[in-house]
Amino acid sequence: MARSKSSRRWLQEHFGDNWVKAAQRRGYRSRAAFKLLEIQDKDRILRPGMRVADLGAAPGGWAQVAAEVLRGNGDIVALDILPVDAIADVTVLQADFTTDEGLATMRDAVGDAPLDLVMSDMAPNLSGMNAVDQPRAMHLAELALEFAREQLNPGGDFLVKTFQGEGFDAFLRELRRDFGRVLTRKPEASRDRSREVYLLARQLRL
């Protein structure tokens with residue numbers, strides 16, 4: 001089957017992307033690793049000894065960065081609906097986080113000890129129709145926030161991918177209510193045309 005013009009454009013852009021090339025050179029599984037590296041450089045959200053959950057982990061770029069920083073001192077649990085190849089010092093799970101079964105799988109792996117950081121890079125499969133994609137994206141962010149509220153230590157942090165549009169302002173208000181500080185981050189490795197914005201909520205309130 002011949003590729004559409006849009007898919008050919010995506011392939012040309014993707015493989016010509018300097019971030020993709022840099023990821024290949026440095027052994028990262030995706031350009032997304034550089035998004036987390038920039039946030040880490042700015043905000044120091046990862047430290048040895050932490051317990052970390054990585055939601056929407058495939059193909060594993062964020063978990064790789066987290067494992068590099070923790071250096072085997074701490075716990076990292078990474079989950080995605082897609083398979084993720086094994087990563088040293090990371091517990092990798094394949095499950096659908098939006099289902100009760102997937103949530104239970106994550107909770108079982110995390111165990112009873114609270115987390116210090118919940119990271120979510122989850123995003124829906126985009127249809128190109130904003131009226132469909134935006135509610136799906138915000139639903140994933142809400143699910144991640146609910147998990148963070150349940151599992152984080154008091155004072156813990158939450159990093160989540162969101163998309164500007166309907167529901168974004170209400171979600172931001174929720175974060176400001178539940179956390180001491182909320183920071184907006186648009187890493188350089190994010191594509192210019194993308195509406196994605198990362199929200200870093202710090203210091204979960206009791």
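Helix H5 packs its buried residues against strand S1 (51-55), strand S2 (75-80), strand S3 (91-94), strand S4 (115-120) and helix H6 (130-151). Contact here means heavy atoms within 4.5 Å, and buried means under 20% relative accessible area, with exposed over 50% and partly exposed in between (1.4 Å probe, protein chains only). Helices (H or I, at least four residues) and strands (E, at least two) are DSSP runs, numbered from the N terminus.

A word on what you are looking at: this is a predicted model, in which local features need pLDDT of at least 70 and side-chain atom pairs count only at pLDDT 80 or more, while totals for chains, interfaces and linings use all residues. Residues are numbered from 1 along each chain as its sequence is written, and side-chain values use heavy atoms, with hydrogens and water left out.

Let's stay with H5 (residues 100-110), whose buried residues are Gly102, Leu103, Met106 and Val110. Seen down the helix axis, these buried residues fall within an arc of 100° (taken from the directions from the axis to the C-beta atoms), so they line one face of H5. On the other side of H5 sit the exposed Asp100, Glu101 and Asp108. Just after the helix, glycine 111 adopts a positive phi of about 80°.

Next comes H6, one of the partners of H5. H6 spans 31 Å from first to last C-alpha over its 22 residues, close to the 32 Å expected at 1.5 Å a residue; that expected span is 1.5 Å times one less than the number of residues.

The largest has 34 residues, and Phe97, Met106, Val118, Phe147, Phe158, Phe171 and Leu175 have the most contacts inside it. H6 gives the most to this core, with eight residues. Leaving aside residues up to four places away in sequence, Phe97 touches Leu55, Leu79, Gly102, Leu103, Met106, Met122, Leu143, Ala144 and Phe147. A second, separate core of 30 residues includes Tyr28, Ile39, Val52 and Leu159.

Stepping back, the protein has seven helices and seven strands, and 49% of its 206 residues are buried. Among contacts between residues at least 6 apart in sequence, 64% join residues at least 24 apart.

Notes: A nonpolar core is a set of buried Ala, Val, Leu, Ile, Met, Phe, Trp, Tyr and Cys residues joined through side-chain atoms within 4.5 Å.
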